[in-house]
Structure formats: structure tokens, C-alpha cells
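Please read the following account with the sequence and the coordinates at hand. It goes from a sheet to a pocket, then to helix packing and backbone geometry.

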Amino acid sequence: MSRFSGWASRLTAVLVLIGAVVALPAQEALAAPPLTTPWTAEVTPDNALPEYPRPQLVRPEWQNLNGLWQFAATGSLTTPPTGQELAERVLVPYPIESGLSRIQRHEDRMWYRRTFTVPGAWSGRRVRLNFGAVSWETRVWVNGTAVGTHTGGYDPFSLDVTSALRSGSNELIVGVYAPVDAAGAPVGKQRRAPSGIFYTAHSGIWQTVWMEPVNAASVTRLDTTPDVAAGQLDLVVQAAGASGQQVRAEVLTGGNVVGTVTGAIGAHLRVPVPNARLWTPDDPFLYDLRVTLTGTGGGDVVTGYFGMRSVGKAVVGGVLRPTLNGRFVFQLGTLDQGYWPDGVSTAPTDAALRFDLEQQKALGFNTVRKHVKVEPARWYYWADRLGLMVWQDMPSMRTGVSPSTADRATFESELRRVVDHLRGITSIVQWVPFNEGWGEYDPARIADLVKSWDPSRLVNNNSGSNCCGFDGGNGDVVDDHIYVGPGTPQRPSATRVAVLGEFGGLGLLSPGHQWPGTGFAYEMTSGPTALTDRYVSVNEQLKPLIVNNGLSASIYTQPTDVENEVNGLWTYDRRVLKPNAERVRAVNRSVIQSATGLTAGGLVSLRVTTSGHTDRFLRHQDSLARTDVVGTGSADGLKLDATFWARPGLADATCFSFESRNFPGHYLRHSNSRVRKDARDGTALFDQDATFCARAPQAGTGVSLESLNVPGSFLRHFGDAVHIARSGGPNAWDTATSFAADVTWLPSTPWWRSGADLTVGAAQSLRVTTPGYTDRYLRHQDSLARTDVVNSSSAQLLKEDATFYVRRGLAEASCFSFESRNFPGHYLRHADFRVRKDARDGTTLFDQDATFCAQPPRAGSTGVTLGSDNLSGHAVRHYAEAVHIAVPGGPHAFDASASYDQDVTWAVAPPWAP
């Protein structure tokens, strides 16, 4: 972890004291925000965001210019009000629409004015005036002299004001033009007339303003790109006035220098980072960085930080996945809008800024999608330090308007500056140039452009292209939005990983903690328990999508309520966490864990990862565990032997036990170091011997399984046998040779897909189990599947329509297909989610549509659930009289969550027409 924060806080305390005392008229009263946060009352003119604002490039001397400034609306920015008293007071750096600013209204054009004094200790050096961000066009005058302009609402800028300074008091005037969505610049979700999913604008100065002294030759930017494979940091030092200068870069940890390099300004310097400790969400370790300009006129010293990590894509278990440090980590995140009821776009305090990220991490998330907004630099520092991967959106242009040629040029200019500004942020793993087609144009070209600027991260050309806008077909990511979802997102391709860029949106009203207006959500719930139940249910549905459909990330809407959106986990005022934290954390962690292929309650096969043996799987034979080659042509018995139920650990529910698929009640356990399949005998020792804890893979991708009661010993294949082994231990199977690979297993799609058994060749009828409808049976009529009441007095035709022969699955032999009793060669299949009876047409698609894997009942203790073979997460469901394949919480009426578990559970009954 970086040592920056401790000394930075002490530095802040000292430097605020040396800031010039600004002579302003009496302070006006705070304009009460519509809703306050726990930090609102802490904000005063003397402590408005006093922290050093740029953790990635720090100088020891600076002067904070936040505080009360004079303010006035204006119709023109042509002539600054030099030497004139302005009537109002604004608290910088809060946007003028916010309550904290004391203005609390929008203006298209505005003046800011204040005075300042340059500390005497800065004499002989250049003075730079820095703005974190101003929305949108900025013009700056010092002592009546124009010193610079800037356009763009989300990137920082800096002006050398030295030549305009004078001794004693100096006058600073800032003019701002903020058209918001009346013009075509990037605005994200800002609207002059906010409603629905679009929010209050944030105009004017909305990030910290500060000054700093610099040498004639000074560092302006540090571009850091870790190279994990080489054990080096790729560093490009950007500088001003530094022609002919050299730079020395030092990497430090704990105050000790671990790597040094000297080179030229603007060159790619390769700083060694020996035995690098890699940054991960579980261990967000940060190195310190010190950069010094050397040579005549040099001497500038800045500090920063970075994390060593790599981002990429790789085929894992036959599926293209995003990787962090070469390993697939499921990215479970939130759609973080970054809005506040008191500060709009600007958090009231640094503690508040940190709070949002801390709470998301505490709830078990490992990712944040920063949605169509760019945050202050300290937000990214906290993401880096706390360990949250970040998807960074580009703020979108306005919706419903095709961007002009000028708008497109503006967008690309700002996009490039945002990428350059944030390229050194460790936590950012993905760029998202467009969202749902808002202001979208040339997505393929833009995705390629961003990739050319930064090839070290993934690029998502249009998040939500399935619902809105269009997909450029390139980039690294295919990204669906499904509300409430998760539905069935697209599968990955050979070049693009598959993610669910938005889903969820479960709402709950919280009277006394809401923004004025009518709260809404994609789906409302009745109370905290109902919200928690739905959150858990919706997220549980991610697990089969991860394992069977190639899903690699999910982004839940959203961490907090925002204005009238009440679909947050927290209320907008950050005072109430709406669902149960423990249950949310538990399901989030279990979803991330399921990406290893191990999901409690799911079927799994464990593949060997040792090179040269990757066609072998763990199986049992004659009560002993061993590995054997298993393939599509293998016998049913071998496939069953190589399939296990992953159960919560018998001795520790946070770990796993592996129950035999074909010997219920029998588990893998170790005895005298050999792994066996034995019947559970009810003893504590058996349960301990049969419990294995999932650990990070010791080699490559997969999972290592550590014995619960013999810590340090892992499930290992050695020869054909399977043991628990300790590297370097006394037994032959403890040999250190290939130990890491031998104890790494890749959880894979189970060789036997059905978890419940049906009798192949038997005639059966399927009875509804939903209370109140248990006299109804699945039947076909006019080629459509439906349910009807069937009894002994029913017509013979109805009885035949309600009878089916159980066949081996047409597309997967471990699943089942259902042939019509009275229409031979006709099978139940799904088409556009409706279940039908159609003649087999010889196509692969028909066979897949007509194949259903039998699983244990979702409701009750008897019956089966019939899962679609080719639409993961979908099961055969009766809804009204019709029969569909449905997924709970999906986009259709028949996906409704109410009574879903009962509706997809069918009793296997004697045939009405044998």
C-alpha cells in the first residue's frame, strides 16, 4: 500500500495554513440542499475539499484556492469584471446547481472572482494555476490579463500565470460558459431540465482549484504502464521547459528504493520492479514513485504511485475471458453515477468520496463502472487503494440528436484528453467510449482509436448495444443491458469477452431519505426483506451464465439512489443501506467464486491442468479417486463417475465437498492421504476429511483445493491416482516437481449435464406442481405446448396429447428430449421462448432447442426442473395456460419472479396414454 496518504494528509494540514487570506464580503448563509448527507454540515468556506487534489503527481508546495468566491451571472464573457465587486458568493469547488455552492441554480454564463497572494517563498519560480475540472468553456484572467482558455468539462488543465502576477494582492477572474445539453459537447447525464434517468446539471467550477510553484523545467504528467511479464514499469515523463533535461525515476516501497532508471524526457523508461507484488482487488498493493529532473535548470521533484498489474484476454476452459495478472477474475460491479444530493457531481468531502467505494467493497463487489462521468483524481486514488477494478465511461453527448461534425471533433478531443489524464490509474481495466448509443457515431473507428491510444486495456465499443445504438462489431467486449435481468446475454466470440454491462434496478422507497418527486425503478419491492430476496435471486442467476454461457462480468444498477431513481442499495443521502448487508455480501462473494466453476449446488467436472495431461479428469472407480481421459465418446458410466455435485463443505460451509453424481450420499474424502469416494458415515472426521477449501490456482488458471483438516495439503493427481499432497513432503506424491500444476484443477462443464434422472424410453406425463393448479398437465394442442386439466374422464386425444416418450437428448446425451406420444418424430422444442411440438427437421438448432437437462426441483422435494440446453438459466415454465422457457427476472411477462420456482417444477407422473 502506498505511503502517500499519511504524509499527504499532514501536508494538507500545513499548506492550508499558508494559503492567502482572501478579502471577501460577509459570508452568505448556506443554501439548504433538497436532501443532506452525513457530511453536508461539515463543509465550510474554510475546509472545502482541503486535500491535495492530484495524488498521481504530487508537489510538496501548493496553495488551495477553494473557498468563497464572488459570483455573478452574465450574458457575455467578452469583458471580465476587473476590479468590480460581484454581488453573490459561491463556494468553490461545488457546481452552481448544488446546495453546497450557495447558488443552487443554473446559469449559462457566469463570472467567478477572488483575490490571492503568492507566498514569498515561491519567489524566483514559475507559478501554475490548476483546475481539476470546469464545465464547460473556461476563460481566465489574472490582474486583468488573459492567461488562458480551456474547453471540456471533465479533464484538468493548468495555466502558467507568472507573467501576470504582481506583489501583494492579485485578482483572479474565471468566466465559464455551461450550455449543458443545449449544445453538443459531452455532458453525460446532465440535463438543464432533469427527469427520469437524467439528472441535475453541474456547471462551472466543480473540482479543486490550486496554485503551485514550479521550476522553469517541470514535470507535467507521469504516464505509467506496468509490464508484469518483464518485471518493469514503463514510464513516460512529460515535462515543460525541459529541453535537454534528463530524468531519474525511482520506485519505492516502505521508503526503500527498489528500482531506478535514468533517461530522457518523453522516452519510454523501463524502471525495474523486482519480485513485484501484484495489485489485485484482494491485495491492492501500491508502489511509490519519485521522479526528479536533472541537469541545468532542473531539480523538479514530484511523487506519485502505481500498482503492478496486467490486463488482457485469454481463452480459459474454452471460453474467452478478461484476465487480471493472467487470471480470470469475474468482474462483479455497480453502475456508479457519482451524484450527490448536496454537491451534485462533487462529493461534499473526501471522506464521502471514499465512503461510496468503501461500502461497495464491503458489500463484496470488486468492480465499479464509472458511468458517463469522470471523477476527481482522488476518487481513482481511493479505487486504486481500496482495490476496485474500474470501467471508465466517456461522458456521452446528448441523446436524440445526431452529433455534428464540430461535435464529433469536440468529443474525440475530450476523449483523448480523458484517456491521457487517466492512463496511469491502476484500477482502470476497461474504456467505454459509448453507452446505449447516446450520441454514438462510428463506434468501430472510435473503439480502434481508443485502443491505439491505450493498448494496455480492454475497449468496449458500445455498452448496451443489444438495446440501443449499434454495435461496431470490434473492440474487446460484447456488452448487453438487460433489466431486470440477467436474462440471457450474448455469448463471447473468438475476439470479444461477454459482459452484462447493466442489469438489476430493483427499487425500494425510503420516505425521509428521498429526493423531491416520485421515486421509480425498473422493479419496485415492498420492503428491505423483499429487496434482499430479489437481489439474491437475481444474482444467483448469474452463476449458470458464468459457467455455461461464458459471462465474464456483471454491473448492477446501482450503488445509491440518484434523484428520483430509487434503485440504489443505499439511499441517495447515504444514510440507509436498504438490503441486508450480510446476504448481499454473501451472494456477491459466491458469484465471484462461481467463476472458478465451483458453485455450491451445481454439477462440475474437474480437469487436470498439467501440460500433456489436460484431457484427463478426476473421477472415481472402485471407490478410489483417479484421473482418466474423458471425451464426448466416453461411456455414460465414465462421464457419470467424472461428474460431482459441488456442495457447501460438510465441515465448513465456506468450503466445498464433492458428492458423487451417480452415488448419492457418497463424497470424495481423504484417508491416509489417498482420496476416495465413500458413503458419508455421520462422523465429524468424515465431514472434515471430505471438505476442501478453494484457493487461488498455484499455476495458471483454475482452482487449488486445500484440505480443511490437513492445512497445506492440496488435492493432487500423481500418476493415475489422486492424493492430498504437500510440496516437499515425505511421500512420493509430495514431490515438488510440477506440484503447482498438479494441484491446479480447472472446473469445467459437467460431463453429465442432468442432475436428476428420468427413465429413457418410458412414456410419462408432466404434472403442474403450483398450488391450485395441480390437476393440470403439460400437453400439446395445435402444435403449441400448454397446460390443461386432465383426469380419468378426459378424452383419449387429450390424454395422448399429455403423454410423451422420454428420449436421450437430441443434442446432449446426458439430457433429455420429449417425443410426442401421438405424433411420432415430433418433439417438444422452444422457438422464440414458446414451447412447441414440431417435427424434427434434422438441423442442429432444432436438436438443441428440443434438448432439456433434468435438474432437481426448484420447489418442494419431488419432481424435476427442465432446463434449456442452449439458453442457459432458462427452464420450462407454465404461465397462464401457455408453456415457455423462462428465466426469473427476465424481460418478458412470463419471466415474472412470482411463483417461478413452483411453475418450473414438474411432477413426473404415470402416462395418461401408456
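The paragraphs below take these topics in turn.

The model is predicted: local features need pLDDT of at least 70, side-chain atom pairs count only at pLDDT 80 or more, and totals for chains, interfaces and linings use all residues. Residues are numbered from 1 along each chain as its sequence is written, and side-chain values use heavy atoms, with hydrogens and water left out.

Helices (H or I, at least four residues) and strands (E, at least two) are DSSP runs numbered from the N terminus. Strands of a sheet pair through backbone hydrogen bonds, either parallel or antiparallel. Two strands count as paired if DSSP finds at least two bridges between them. Here, three strands make an open sheet in the order β15-β16-β19, with antiparallel pairing. Its edge strands are β15 and β19, each of which pairs on one side only. On average, and ignoring direction, neighbouring strands of this sheet are turned by 30° against each other.

Strand β15 (residues 218-227) runs antiparallel to strand β16 (residues 232-240), and nine bridges join them. L222 has V237 of β16 as its bridge partner, and S218 has A240 of β16. The hairpin of β15 and β16 has four residues between the strands, and in it G231 takes a positive phi near 65°. On the β19 side, five bridges join β16 to strand β19 (residues 268-272), again antiparallel. Q232 is bridged to P272 in β19.

A pocket is defined on a 1 Å grid over the protein atoms alone, where a 1.4 Å probe fits, as an open set of points with protein on both sides within 12 Å along at least five of seven lines; lining residues have an atom within 4 Å of a point. The volume of the second largest pocket is about 940 Å³, where volume is the space filled by probe spheres set on grid points joined across faces, edges and corners. Of its 46 lining residues, R54, P156, F157, W210 and H421 are the closest to the centre. The largest share of the lining, five residues, comes from β15. Elements that each supply at least two lining residues include β14 (209-214), β21 (301-306) and α4 (405-422). By class, the lining has 19 nonpolar, 15 polar and twelve charged residues. Ala, Val, Leu, Ile, Met, Phe, Trp, Tyr, Cys and Pro count as nonpolar, Asp, Glu, Lys and Arg as charged, and the others, Gly among them, as polar.

Next comes helix packing. Axes are lines fitted to C-alpha atoms, for helices over the stretch in contact, and angles run from 0 to 180 degrees between N-to-C directions. Helix α6 (residues 528-540) and α7 pack at about 10°, with their axes 4 Å apart. These two helices, α6 and α7, are therefore roughly parallel, a term for angles under 35 degrees. V538, N539 and E540 of α6 meet L542, K543 and P544 of α7, contact being heavy atoms within 4.5 Å. The axes of α7 (residues 542-549) and helix α8 (residues 581-594) come within 9 Å and cross at roughly 10°. Thus α7 and α8 are also roughly parallel to each other.

Some backbone details remain. The peptide bond from S135 to W136 is cis, with omega near 10°. D622 is not a glycine, yet has a positive phi of about 55°.

Key. Parallel < 35°, antiparallel > 145°, perpendicular 65-115°, else oblique.
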